Amino acid sequence: MKRILTALLLSGATITAALTGNLSRAHGSPQPNHGGIVQAVGETWLELVVRGDAVDLYVQDNGDDLPSAGMSGNFTVVNGAAKKEFALAPAGDNKLTGKAAGVAKGSKVLTVVTLADKKTKVSAAFDIK
């Protein structure tokens with residue numbers, strides 16, 4: 001009887017969480033927190049946000065913010081056959097930032113980030129829509 005009651009309570013809690021949306025941000029499912037485009041590279045999540053000439057990249061480890069201090073990186077903007085590379089610099093919290101003109105719809109942005117351990121590199125490609 002005790003097992004049945006426990007199973008019913010757990011089932012009810014799961015259904016309630018699903019109906020209220022609490023499972024949508026569980027570990028393992030990358031979500032944009034800043035209105036950008038998210039790419040999962042293993043357990044590292046990168047979120048690219050482009051606003052005008054500002055390009056921001058947010059870094060998370062399976063949903064937990066990774067401090068950007070000690071990180072470095074770059075990004076390449078590809079428009080057709082034209083390619084331009086720009087630097088990314090730590091900008092507090094889990095954010096790296098850079099400046100680039102010409103990131104428009106239809107562009108592809110290729111990112112490479114070296115994490116603070118100076119050994120781990122994470123790269124991703126983002127299609128700007």
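**Figure 1. Strand β3 and its pairing partners.** Strands β3 and β7 run antiparallel and are joined by five bridges. The model is predicted: local features require pLDDT of at least 70, and side-chain atom pairs count only at pLDDT 80 or more, whereas totals for chains, interfaces and linings use all residues. Residues are numbered from 1 along each chain as its sequence is written, and side-chain values use heavy atoms, with hydrogens and water left out. Strands (E, at least two residues) and helices (H or I, at least four) are DSSP runs numbered from the N terminus, and two strands pair if DSSP finds at least two bridges between them. Strand β3 covers residues 54-61, and six of its eight residues are buried, so the strand is largely enclosed by the rest of the structure. Here buried means under 20% relative accessible area, exposed means over 50%, and partly exposed lies in between (1.4 Å probe, protein chains only).

**Figure 2. The hairpins on either side of β3.** Strand β2 (residues 44-51) runs antiparallel to β3, and eight bridges join the two. One of the facing pairs is Leu48 with Leu57 of β3. Two residues lie between the strands of this hairpin, where Gly52 takes a positive phi near 65 degrees. Strand β4 (residues 64-65) is also antiparallel to β3, to which two bridges join it. Asp61 has Asp64 of β4 as its bridge partner. The hairpin of β3 and β4 likewise has two residues between its strands, and Asn62 takes a positive phi near 55 degrees.

**Figure 3. Strand β7 and the position of Leu96.** Leu96 belongs to strand β7 and has a relative accessible area of 0%. Leaving out residues up to four places away in sequence, Leu96 touches Val55, Asp56, Leu57, Val59, Ser68, Met71, Leu88, Ala89, Pro90, Ala91 and Val113, a contact being heavy atoms within 4.5 Å. One of these residues, Val55, is 41 residues from Leu96 in sequence, and the two C-alpha atoms are 8.4 Å apart.

Figure 4. Strands β6 and β7 run antiparallel and are joined by two bridges. Ala89 has Thr97 of β7 as its bridge partner. Four residues separate the two strands of the hairpin, and in the turn Gly92 has a positive phi of about 90 degrees. Asn94 also lies in the loop between β6 (82-90) and β7 (95-99). Asn94 is buried, with a relative accessible area of 4%. Its side chain makes a polar contact of 3.3 Å with that of Asp65; such a contact is a pair of N or O atoms within 3.5 Å, and within protein one must be able to donate a hydrogen and the other to accept it, with residues adjacent in sequence counting only if both atoms are side-chain atoms. Apart from neighbours within four places in sequence, Asn94 is in contact with Leu57, Tyr58, Val59, Gln60, Asp65, Leu66 and Ser68.

Figure 5. A search of the whole structure finds one cavity of 30 Å³ or more. A cavity is a set of points, on a 1 Å grid over the protein atoms alone, where a 1.4 Å probe fits but cannot get out, and lining residues have an atom within 4 Å of a point. The largest cavity holds about 60 Å³ of space, a volume being the space filled by probe spheres set on the points, which are joined across faces, edges and corners. Its lining consists of Pro30, Gln31, Asn33, His34, Val38, Trp45, Leu46, Glu47, Tyr58, Gln60 and Asn94. The elements giving two or more residues to this lining are β2 and β3, and the largest share, three residues, comes from β2.

**Figure 6. The chain as a whole.** The chain has one helix and nine strands, and from the N terminus on its elements run α-β-β-β-β-β-β-β-β-β. Of its 129 residues, 29% are buried. Among contacts between residues at least 6 apart in sequence, 45% join residues at least 24 apart.

Note on methods. 1 Å grid on protein atoms, 1.4 Å probe; cavity = no way out; pocket = protein on both sides within 12 Å on 5 of 7 lines; lining within 4 Å.
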